[in-house]
Amino acid sequence: SALSHKAAAGEIIVVDALNFEAPKTKEFINFAKNLKVDGKKVLLVLADKNNNVYLSMRNVPDAKIMTASDINTYAVLNNNVLILDKAGVEVINNI
């Protein structure tokens, strides 16, 4: 129901896939600006662990990352926006 609440509020963004060629914080910041979520608490939910994405966002104070299989109600409600990749959505639907 937490995900339903976020979806109804328009606080879920689904992207095709997310991968950075190199671990650079600037790439994540540009990604967030393009989605107009910079300055908000963001939870990025991916189907699988991605080291370059993790390293790119670990220094951003209001951004967290987790795999879809580890998602929990607290993490969903404690962030303003959820960004999911399509594969992550499939994992959540199968839980």
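Modeller: Let us start with burial: a residue is called buried when its relative accessible area is under 20%, exposed when it is over 50%, and partly exposed in between, with a 1.4 Å probe and protein chains only. By this rule, 37% of the 95 residues of the protein count as buried. Please note that this is a predicted model, in which local features need pLDDT of at least 70 and side-chain atom pairs count only at pLDDT 80 or more, while totals for chains, interfaces and linings use all residues. Residues are numbered from 1 along each chain as its sequence is written, and side-chain values use heavy atoms, with hydrogens and water left out.

Biologist: How many helices and strands does the protein have?

Modeller: Helices (H or I, at least four residues) and strands (E, at least two) are DSSP runs, numbered from the N terminus. The protein has 5 helices and 4 strands. From the N terminus on, these elements follow the pattern α-β-α-β-α-β-α-β-α. The radius of gyration is taken over C-alpha atoms, and the globule rule is 2.2 Å times the number of residues to the power 0.38. The protein has a radius of gyration of 12 Å, close to the 12 Å that the rule gives for 95 residues, so it is as compact as a globular protein of that length. Its C-alpha atoms fill a box of roughly 35 × 25 × 20 Å along the principal axes.

Biologist: In which order do the strands lie in the sheet?

Modeller: Two strands pair if DSSP finds at least two bridges between them. Here an open sheet of 4 strands has the order S1-S4-S2-S3, with parallel pairing. Strand S1 (12–15) and strand S3 (63–67) are the edge strands, each pairing on one side only. For angles, axes are lines fitted to C-alpha atoms, for helices over the stretch in contact, and the values run from 0 to 180 degrees between N-to-C directions. Neighbouring strands of this sheet are turned by 20° against each other on average, direction ignored. S2 and S4 pair in the parallel sense over 4 bridges, and Leu43 has Leu82 in S4 as its bridge partner.

Biologist: Which strands does helix H5 touch?

Modeller: Contact means heavy atoms within 4.5 Å. H5 packs on the sheet, touching S1, S2 and S4, and its direction makes about 95° with that of S4. Glu90 is found in this helix, which covers residues 86–93. Glu90 is exposed, because its relative accessible area is 54%.

Biologist: Which residues touch the most other members of the largest nonpolar core?

Modeller: In soluble globular proteins, nonpolar side chains tend to be buried together. A nonpolar core is a set of buried Ala, Val, Leu, Ile, Met, Phe, Trp, Tyr and Cys residues joined through side-chain atoms within 4.5 Å. The largest core has 16 residues, of which Leu18, Phe28, Phe31, Leu44, Val53 and Ile83 touch the most other members. Helix H2 (25–34), strand S2 (42–46), H3 and strand S4 (81–85) each supply at least two residues of this core. A second, separate core of 11 residues includes Ala2, Met66, Leu82 and Ile92.

Biologist: Is Ser56 buried or exposed?

Modeller: Ser56 counts as buried because its relative accessibility is 0%. Its place is in helix H3, residues 51–57. A polar contact is a pair of N or O atoms within 3.5 Å; within protein, one must be able to donate a hydrogen and the other to accept it, and residues adjacent in sequence count only if both atoms are side-chain atoms. The side chain of Ser56 reaches the backbone nitrogen of Lys24 at 3.0 Å, and a polar atom of that side chain lies 2.7 Å from the backbone oxygen of Asn52. Beyond its neighbours within four places in sequence, Ser56 is in contact with residues including Phe20, Ala22 and Phe28.

Biologist: Where do Asn79 and Lys36 lie?

Modeller: Asn79 is in the loop between helix H4 (73–77) and S4, whereas Lys36 lies in the loop between H2 and S2. At 6% relative accessibility, Asn79 counts as buried, while Lys36, at 67%, counts as exposed. Phi of Lys36 is near 60°, a positive value in a residue other than glycine.
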